[in-house]
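Open the model in your viewer and keep the selection tool at hand.

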Amino acid sequence: MNPTWYLILAAVLFIIGAVGVLVRRNAIVVFMCVELMLNAANLTLVTFSRINGTLDGQIMAFFVMVVAAAEVVVGLAILMSIFRTRRSASVDDANLLKY
Amino acid sequence: MNTSSFPWLIVLTVLPLVGALAVACLPPAAEALAKRLTLAWTLLVLVVTAAIALGFDVNAKRFQYVTSYPWISQFGIRFGFGVDGIALVMIVLIAVLMPVVILASWHDGRTGTRSVKTFFALMLALESTMIGTFVSTDTFLFYVFFEVMLVPMYFLIGSFGGARRQYAAVKFFLYSLVGGLFMLASVIGLYVVSSNAGHPSFAFSDLAKLNIDPGVQKWLFLGFFIAFAIKAPLFPFHTWLPDAGAAAPIGAAVLLVGVMDKVGTFGFLRYCLPLFPDASAWFAPVVVVLAVIGIIYGALLAMGQTDMRRLVAYTSIAHFGFIALGIFAFTTQGGTGAVLYMVNHGLSTGALFLVVGFLIYRRGSSNIADFGGAAKVVPWIAGVFFISGLSSLALPGTNSFVSEFLVLLGSWANQPVATVIATAGMILAALYILLMYQRTMQGKLNPDLPEMNDLSRREAVVIAPMIVLILALGFFPKPVIDVIDPAVKATMQDAGKSDPVPTANSGGRK
Amino acid sequence: MLAAQPLAVEYTAASGALSTAWLLIALPALGAVVLLLLGRRADKWGHLLGCATVGISFVLGLWYFFTLRGLGNRSVSLDLYTLIISGNFKVNAGLLYDPLSAVFVLLITGVGFLIHVYSVGYMKDDPGRRRFFAYLNLFVAAMLLLVLGNSFLGLYFGWEGVGLASYLLIAFWYYKPEAATAAKKAFIMNRVGDVGLALAIFILFATLGSVSYQDVFSGVGRMSTTTVTAVTLLLLLGACGKSGQFPLQAWLPDAMEGPTPVSALIHAATMVTAGVYLIARANPLYNASHTGQLVVCSIGAITLLIGCIIGCAKDDIKRILAYSTVSQIGYMFLAVGLGGGAYAAGILHLLTHGFFKAGLFLGAGSVMHGMKDQVNIRRFGGLAKYMPITAATFGIGYLAIIGIPPLSGFFSKDPIIEHAFDRPGWTGWLFGGIALVGAGLTAFYMTRLMVLTFFGKPRWTEDIKHPHESPPSMTVAMIVLAVGSVAAGGLLAFHNALANWLNPVFGGATEQTPAEVAHKIPALAVTALVLVFVLAGVALAVVIFREGTAPQEQPARSVLVRAARANLYADAFNEAVFMRPGQWLARALVYVDNRGIDGLVNGLAAAVGGGSARLRRLQTGFVRSYALTMLGGAFLVVAALLVVRLG
C-alpha cells in the first residue's frame, strides 16, 4: 500500500486538531485536539521512518509520546484546579494573564 | 619593581572588590564596623596605589606593569592590564578621592532604602570597577568594566539618593548603556578588522598597529565617540548629569563627576585618537564646536541654576568642554593640559561638591535661596567653599589654572577661534562661582538659617587634603605633568600629529 | 617710530644677596597664610605680624636696591624652579629684578607698610582686623609677584592674585550687599581684561615658542607687525581691566565700598597702576607697533577726560578720589603710550601719584573716621579747624595732584603734557590739548573737594557734635606720605635721576634730558600754559564753592551734569548690553535645556513607553487567538521555507 496515504491521513488529522484548538472553547476538547495534532505528527514520523528504512522517526515518535504523556499529567492537573476555582472549563474564561 | 612579573594591577583592581565582599558579609547592625573597615580598606588601596606610582618610571616605555592572561581564548580576549602616565594619574586620583569620600559620607548611608553596609560595599565595588576601567589594556575588558561600573553607581543613586533618585538613576543608567552598546558594536568591529588583517585581537597594543581604512574608521570612531561623549558628557548628551549629580548622595556625586565621567575623556585619548587617527582628524571640527558650545552653554546654564548641586554639575559640563577641546587640538600641551584638567577637575569639583554637602547637611536644602550671609556663622566653611570655587574658576595658584592654561595654550595654534571663545568662558566661570558665593555666603544673614556649626573635625580632615592638593598642584604641577607628558606625546605620535612650530622660528609670517 | 632693531636683552643670573629676592614675596605670603590658618588665636597680635612682614620686605627691598645699584648689568634674573614643561613649552617660576621692578618693589612695600600701620588704628574696632591684615599681606605678596615675575606667565599669576586680594578686600564687609556686589563686579571686569592678557600669551607662545620676557623681547624683531600689534592690543585690554581704563573703568569707583586703607593701597597707589607697569614692561613690543602706541595714547586721553568730568559731578569723597585715580592713570597710559622719553615720565607720575593719592585717601579715611563714616562732601565743611593734621596733609596732597610747583605732581604731570605735545602730527596737538584741559578740570574738582570739606561753614548731619582728629598711628602715615608728596617729584626728577635709573629697561630711550629734545612748543611755554589752566580751575572752584553748597544734591540743570552723575552711563551701558541680555540668555537656556534637549530625551522615553502601551493590547488573554497567531506564524515559516527551497 502506498505510504502517501498515511501522510494524507496525518495531515487530515492535524488539520482537524488545529481547527479544534482554534474553534472549541471547552478546555478538555482543546486538550484532546492538541493530542490529535501530536498523534498526527507521530504518524508522520513513523511513516517517514518506514519510507526511509531507518529507525530515527520511530525513536522521535517515542519521544513525542513521552512528552505528550507528561503534558497530559501537567495539563489535566492545571485544568482540574482551574475548574475547581472558577467552576468553568472554558478557555475564554481563563484570561487573567493579559495586559 | 615594575620589571617583576607580579600582577600589581590585578591586585589593585581586585583588592577593593574583596573589601566590598567583606563589608557586605558583615551583619547589618555593625554599621560603625562597616564604615571603619571601608575607610581602612580604601587607605590600604591608597598605599598600594602609591607603591605602584612610585615604581612607575617616567622615562621608561609607555605601558608599565603589563600583565596579560587568556580569558576567552577563542576570540583572543585576554585579561590585559597595564598603565601609562594618563591611566596612572587617574588611578592615583581615585585612590586619593576614595578615603576622602568615604569619610565625607559617614552619615550618608542611613537615609537610603538599603542598609548602611550596602552603601559602603557599593562604594568599594565602584572603586574596583573604576580602577579596572583605567588599567585594562584589552578593549573588550575595558568595555566590560565600562558597563559594570554602572551597576554600583545605579544602586548608589537609586537607593541612597535624594528626591528624584529613581528617575535620575534610570536616566543615568539608560544613557550610559545606550552609549555602551554603540561602543560594543565598534569593539566587535575592531575585532573583525583585526581578523581580516590576519591577527584577530582585542589588545590595544595590537589594534593600535592596524591601518584601518578611513571610511571604516569613521564608523568605528563614531561608536566609541558616542559612548565617550555621553560619559564625559559633551553637549548635547549632557542632560543626565545634572539630574544624576543632584540626586546622588554627595560621596557618589563626587566619584560620578570627579572620576567616572573622566572615563569618557580618557577614552577619547586612549582609544579614539590612536586607533582612528584619520577619523579623529575628520571629526575634530565637530568635536571642537561641541566642546566650545559646552563651555559657554554649561557656564550660562550654571548661572541660571537655583540648586547648588545642579550648578556644580553644570560647571562640570563647561569643564569637560575644555578637556575635549584640549584633546582634539592635537598638541602636546593641549593633551597634557586635558589630562591634568581631568585630575584637577576631580579635585576642584570634588571639593566643591563636598563643601556643598556640608552645607546641605546643616541646612537640609541645596537651594541657593535658602542660604545667604552664611559666612558670618560658618567662616571656615565659607573659606573652603571659596577656595574650592577659586579652583573651579581656574585662578592662578590653584590647580585648575595650570591645566586650563595648557589646554588653551595648546589649542591656540590649531583652533584659534575656538580658543578665543573658550578663553571668554573664563569670564563666565568667574561669574557663576562668585554669584553662587555671593548668594550663599555674602550679603545679609538669612534669618531662616538654623543654628549652624562650623567645620567639624571630621569635615576638616575631609577637606584639608583637597585644599592642600589644590594649592600644591597650583604652584608645583611639574611632578604630575612629567608623568602625563610622555604618554600624551606617544598618543599624539600614534595619532600622527606633531606640535606646531613657533611661526617666527619657522620663518613663516602670520 | 618703529624700533630699528630689537632690544638686546641680557639678564644676568642672580647671585649673592639678590638670590634671596624670593624672600620679598615669601614673607608677606607667609604672613597671610599664618593669619588665615591660625584664625581667632591670632586676633591679638595679627596686625603686628602683618605690619612686620611688609616692613621687613621693605627693608629687604632697600637692601636689594642698593645691591643692584652696585652691579654692572642691572637686570638680574633668578630662576626658582620649573613650573611647567610640556612638549616644547617650558616656563620657569622665576624673578626678574631690574631697575623697573626695583622701583615698584620700593613703592609697594613702602606705601604698603605705611598703610598697614595706618590700618592698625583705622581698623581697631573691627572684629575682623586680623583677616584684614591677612588679605593685605596676600595683596602685597601677589603684587610683588606681579612686578617681579620674569615671564608673562609669572606676571599673570600675580595679576590674578592681586585681583583676588582686591576682591577679598572690597568684599571685606561681606555682609553689606553693595560691597559684595562691588567686589564681584571688580573681579569680573578684571577677568575681561585677563582674557586679553591670556590671549596675548597664547599668541606669543605660538609665535616665539616662549613666554619669558627675555625670549619675547629679544624675539620682537622676528615677529610680523600684525602679530606685534595684536599682542599689544590684547595686553592693553588686560591693562585696561586692571587699571580701570576706558572701557573697563566702571568697577573702580564701586570698589570704594571696601575699607579706606584698601582704596588707598590697592585702588590708588599700587594695583591699579599694574596696567602701566605692564605696558612699560612690554615696551619693546609697543615700540614695534605704531598702532599699539596710538591706541594706548587714545585710551589714556579718553579715560583722563572721563575721570575728570565725572569727578566734577560726584559728592562722595571717596568716589571723587576714585575718579581722580582713573583720570591720573589715564595720564600714565598717555605717557607710556607716547613711548621714548615719556616712559620715564609715566613711571615718575605713577610713583608721585602713589604718594599723593595714597595720602589723599588716608586723609579721606581720617575725615570719615572723625565724621562717623559720612562720605558726602556736602555734609562736611569747616573741618580744617577740627582736624588740623588731616587738613594739612590732605592739602599737601591736593596741591601735589593739581601740579603746583614745586610739589611732586608738578614734576611728573608737566613732562607728560610736554611729551604729548611733542608727538608728531595732529595727534600731538589733540593729546596735548586733552591733557591740558584735564589738568584744569583736575584743579577744579580737587579744589571743590578741598573747599567743601575743610573750609566754609559746617553742614554736618545733626548727630555730629565734635569731629575729632585721628590717633597718631593714623596721622603718622599721613604725614610721611605728605612729605613724600612734597619731595618725591623733585628728588626723582632732579638731574633726571629716575629716567637715568630706568634707562636700561627702556633700551636707552629715556637717556636724553628733556632739555636736549627738540620741542614743538618750548617747555617753558607748556609749563606756563598748564599753570594758567590749573589756576583758572582753582579760581573757578573757589568762586563757586566759597560759600559752601546745598546739603542735598540739586537737580541737574544740564545734560552734561546729568550724564556725569550717572558715570557717563557706563554702568547703564554695561547693564543694558551685557548684564540683562546675559541674564535673559541664562534663563532662556535653562528653559531650552529642560524643555528642549532634556525634553527631547524624555520625549523619546515617553514615545517608547507609549508605543509599548499600545503594543501591550495585543496580549488579550484569549488562548485561542494566541493559537491562531501561532498557526499564522507556522504558515509563514513554512511559506518562507518553500519560497527559499523552490525559489
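A residue counts as buried if 20 or more other C-beta atoms lie within 10 Å of its own, and as exposed if 12 or fewer do. The model is predicted.

**Stop 1: two positive phi angles**

Select F330(B), in the loop between α14 (308-327) and α15 (332-363) of chain B. Its phi is near 60°, a positive value in a residue other than glycine. Is F330(B) buried or exposed? F330(B) has 26 C-beta neighbours inside 10 Å, so it counts as buried.

Now select K372(C), found in the loop between α15 (342-370) and α16 of chain C. K372(C) is not a glycine either, and its phi is positive, near 55°. Because 11 other C-beta atoms lie within 10 Å of K372(C), this residue is exposed.

**Stop 2: two cis peptide bonds**

Go to the loop between α9 (214-231) and α10 (240-247) of chain B, where P236(B) is found. The peptide bond joining F235(B) and P236(B) is cis, with omega about 0°.

In chain C, select P405(C) and P406(C), which are also joined by a cis peptide bond with omega about 0°. P406(C) sits in the loop between α16 and α17 of chain C.

**Stop 3: chain C as a whole**

Along the principal axes, the C-alpha atoms fill a box of roughly 115 × 65 × 60 Å. Of the contacts in chain C with a separation of 6 or more, 81% are between residues 24 or more positions apart.

**Stop 4: helix α21 of chain C**

Select residues 523-545 of chain C, which form α21, a helix of 23 residues. From first C-alpha to last, α21(C) reaches 33 Å, close to the 33 Å expected at 1.5 Å a residue. Show side chains for the buried residues of α21(C), among them V526(C), V530(C), F533(C) and V534(C). Further along, G537(C), V538(C), A541(C) and F545(C) are buried too. What do the buried residues of α21(C) pack against? They pack against α16 (388-402), α17 (408-422) and α18 (426-454) of chain C.

**Stop 5: the sheet of chain C**

Select the three strands of chain C, which form an open sheet in the order β1-β2-β3 with mixed pairing. The edge strands, each pairing on one side only, are β1 (12-13) and β3 (89-97) of chain C. Between β2(C) and β3(C), which run antiparallel, there are nine bridges. To see one bridge pair, select T82(C) and its partner in β3(C), N92(C).

**Stop 6: contacts between chains**

Bring back chain B. Here 48 residues of chain C are in contact with 49 residues of chain B. On the chain C side, the elements that give two or more residues are β2 (76-86), α5 (152-170), α6 (177-208), α8 (225-243) and α23 (570-616). The largest share of that side, 16 residues, comes from α6(C). By class, the side of chain C that touches chain B has 29 nonpolar, eleven polar and eight charged residues.

Finally, show chain A, where ten residues are in contact with eleven residues of chain C. The side of chain A that touches chain C divides into seven nonpolar, one polar and two charged residues.

Definitions and conventions
Residues are numbered from 1 along each chain as its sequence is written. Chains are lettered from A and ligands numbered from 1 in the order in which they are written. This is a predicted model: local features need pLDDT of at least 70, side-chain atom pairs count only at pLDDT 80 or more; totals for chains, interfaces and linings use all residues. Two residues are in contact if their C-beta atoms, placed from the backbone, lie within 7 Å. Helices (H or I, at least four residues) and strands (E, at least two) are DSSP runs, numbered from the N terminus. Ala, Val, Leu, Ile, Met, Phe, Trp, Tyr, Cys and Pro count as nonpolar, Asp, Glu, Lys and Arg as charged, and the others, Gly among them, as polar. The expected span of a helix is 1.5 Å times one less than its number of residues. Two strands pair if DSSP finds at least two bridges between them.
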